[in-house]
Amino acid sequence: MGTILEMKGIRKVFPGVVALDGVNLNLEEGKVLALLGENGAGKSTLMKILSGAYKPDGGEIFLYGEKVEIKDIIHARNLGISIIYQELSLSPNMTVAENIFALQEPTRFGLIDDKEMNKRTKELFEQFEIEISPTKMVKELSISNQQMVEIVKALSTKPRIIIMDEPTSALSNKETEKLFKIIRKLKSEEISIIYISHRMDEIFEITDYVSVLRDGNYIGTVDTKKTSSEELIKMMVGREMDKVYPHKDFKYLKDEKLLEVKDYNKKNYFHDINLFVRPGEILGLYGLMGSGRTEIVQGIFGILKKDSGEIFMHGSKVNIDDPFSAIEHRIAFVTEDRKNEGLVLTSSVSENTTMANINKILNRFKLIDENKEVKIAREHVENLRIKTPSIYQTVNKLSGGNQQKVVLSKWFEIEPEILILDEPTRGIDVGAKYEIYKLMIELAKKGVGIIMISSELPEILNVSDRLLVVKDHGIITELDPKKTTQEEIMSYITWKR
Amino acid sequence: MGLKLFADKKLFKSYGGVLLALLGLMVLFSFLSPHFLKTNNILTVFAQVSIIAILAFGMTFVLMIGEIDLSVGSILALCGIVLGVMLSNGFNVVISIIAVLIAGALAGLFNGFVSAKFKIPTFIVTVATMGIFRGIGYAITDARPIQIENSFILFLGNKKLFNLIPVPVVIVIVLLIISHVLLSKTKFGRQAKMVGGNKVAAEYVGVNTKKLQIKIFIITGIAAAVSGILMASRLYSAQPNAAGGYELDAIASAVLGGTSLSGGYGTVLGTFIGALIMGVINNGMNLIGMPYFYQQIVKGLIIIVAVFIDVRNKESMLGK
């Protein structure tokens, strides 16, 4: 058992930012290395260098004891390095088998041999105890099954090093277990894994040692068995953080219904939705992916048009049939998919922060007043501590947590009374999560009613004041987060119909 | 205002490349032809460019939202015919011009409404209307040109103010300023940029993307109508076969000027510089006596280069 990969003094500079500076990484054969760090710490950049997507500006890479220069993604793959991306990279209109064997299809007489391909896919799946039909279209699969396909696809090239970038962010607990089983099997075959995740419990369960990055610098590597989550968090954020969840010292400000949804229905999307939020209250919505939790809030926000039902704000009936009318009633919706639904990636930080309320930056001639815009953007960057070289930076270059802060800034501009957050901390590290929870509490103090969707049990239990469990497109029960347990919630979820 | 914008450092940074290209071409042609740098010729280039430039201003709006309008050349021709028919039937010139602008707006409204309402890709809709509008023009005129004799119309395309500045140049500058303000200084322009960058995100902050698309196609239609008037003036006639292929010149101008074909990025000022580049190349090739078909080849190659630059910019923007 020896070192299979060594990265030494890796440096990468982007215009205006040093993304990596003197970063080391050491991977041993048949081990799982966790790569940990806040947003913008440089994890993704480092992995992109390893997988050939970026070229380093300095440093050396040794693979199997030899110095290598990774030219591009194909070269990395030929060297036995495979990466599973956080964002799915499958073609939705192709079958599972076609995706797995993309560009390396088995052929017969020069034509693609579908039979052989499906057979081999099936064998691969059986090996990992996955039950997905090879001939199904990828778009027909659930997100979590797509993630499984993605993982198998990465394995099909028989790599010696596998990079997993937050592989469980779309998986349920059961599927996560399945993934861990696969990881253990891979370990027994002397395959090495670099595992990026923000979930402490996972890191302690599956990894052998942990390397920590902070602000593009290498902080250190520790043995997973000999460390604690406190130590890791401290290494990550560089300061003591006694708690992952900030304290909220009130349940709600006034016992009245700020927003009330009555008998909301939309065929195939949600049924019999009844819920309310008080001023200053954080209402949690827990459900697995595909349970209909997102559709429910999309219904409230007017993205999905209801078939029947009523919404009341401050006790009087309001009509919401599209996002425009929702915003008029000062409802804000932070979507789960920030890149495709929240941000205009090709626009700047300042343009993104002002996009929900352009009227605010117009002067008396109805023209955009750049001074106003700059002022607003600067305020948000400062208050939310958004890490960006400038407010003119296009948001695609920011890290996930900073992008999420830009989305929040955008909605703060409409001065929301109701803030709906769909998985607000997905793919975001502990430090940024803490800041986002604090922002939520600050808003609650001002009387905003908050609805938060989450599929992370510890989060929903610690952050929400009241908790609704969603299953099969309906709300099945209400729980008190202070009194219930993860086990109790899961028992509702897994309860047979 | 235009001058102040050019002096702006940030703006120079974004247009430095195209300005340099324009300058380079001008140096090249001044060596190849002794006539090129004469004031008269430069003003001719400006005047010739005016028709494409105005079309391209409209095109910039469409490209900005990630759509395309291939029917602008046909709208231009049809609008010229409407002008010719109105004038030859004795209508007052002001009323005729208003009618032409309305005709352009209606053509754009049709493009925008059909594509937005029925969710048909604008590429398909405008390829179809390219034929439809052209066909209507031929049907009205029986494929024959209509002579234009109205002195005001002829003034617009052919005369000079103070015996120096061609009137079309004045019109282009005025429209440049109006479009620039509309695109980069108003809520409407900002929303267009958002829609081009991310349609879903724009919808989720309450932008009515269908309405916006219709408005934008109306703008393109009106721009084509203005170009149609200038064209009719310069040709002293309304020709049903006028402006064939102009849509591609307009797209090339916009893309050369830095407007993205996939939407979300672009400026009218850049488009204007792009149109000047196209105009300088056209004029230069004519001056050195290059045959028409070779000119076609050169223009085709320019379009490929422009799109290549756009693709590469997009890649570097989205991290690569």
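Helices (H or I, at least four residues) and strands (E, at least two) are DSSP runs, numbered from the N terminus. The views below show a predicted model, in which local features need pLDDT of at least 70, side-chain atom pairs count only at pLDDT 80 or more, and totals for chains, interfaces and linings use all residues. Residues are numbered from 1 along each chain as its sequence is written, while chains are lettered from A and ligands numbered from 1 in the order in which they are written.

**View 1. Helix H6 of chain B and the residue that follows it.** Just after H6(B), B:Asp142 takes a positive phi of about 60°. The buried residues of H6(B), among them B:Val125, B:Met130, B:Phe133 and B:Arg134, pack against helix H4 (72-88), helix H5 (93-117) and strand E1 (146-147) of chain B. Here a residue is buried if 20 or more other C-beta atoms, placed from the backbone, lie within 10 Å of its own.

**View 2. Strands E18 and E19 of chain A.** Strand E18 (residues 331-334) of chain A runs parallel to strand E19 (residues 418-422) of chain A, and four bridges join the two; strands pair if DSSP finds at least two bridges between them. A:Ala332 stands opposite A:Leu419 in E19(A). From E18(A), A:Ile331 and A:Phe333 point one way and A:Ala332 and A:Val334 the other way, and all of these are buried.

**View 3. Where chain B meets chain A.** In this interface, 25 residues of chain A are in contact with 21 residues of chain B, contact meaning that the C-beta atoms of two residues, placed from the backbone, lie within 7 Å. Helix H8 (167-185), helix H9 (187-197) and helix H10 (199-204) of chain B are the elements that give two or more residues to the side of chain B that touches chain A, and H9(B) gives the most, with five residues.

**View 4. The two domains of chain A.** The domain assignment, automatic or from a database, gives domain 1 (3-237) and domain 2 (259-494) of chain A, whose C-alpha centres lie 30 Å apart. Their contact takes 19 residues from domain 1 and 17 residues from domain 2. On the side of domain 1 that touches domain 2, helix H5 (143-156) and helix H8 (229-237) of chain A each supply at least two residues, and H8(A) gives the most, with three residues.

Methods
Buried ≥ 20, exposed ≤ 12 C-beta atoms within 10 Å, placed from the backbone.
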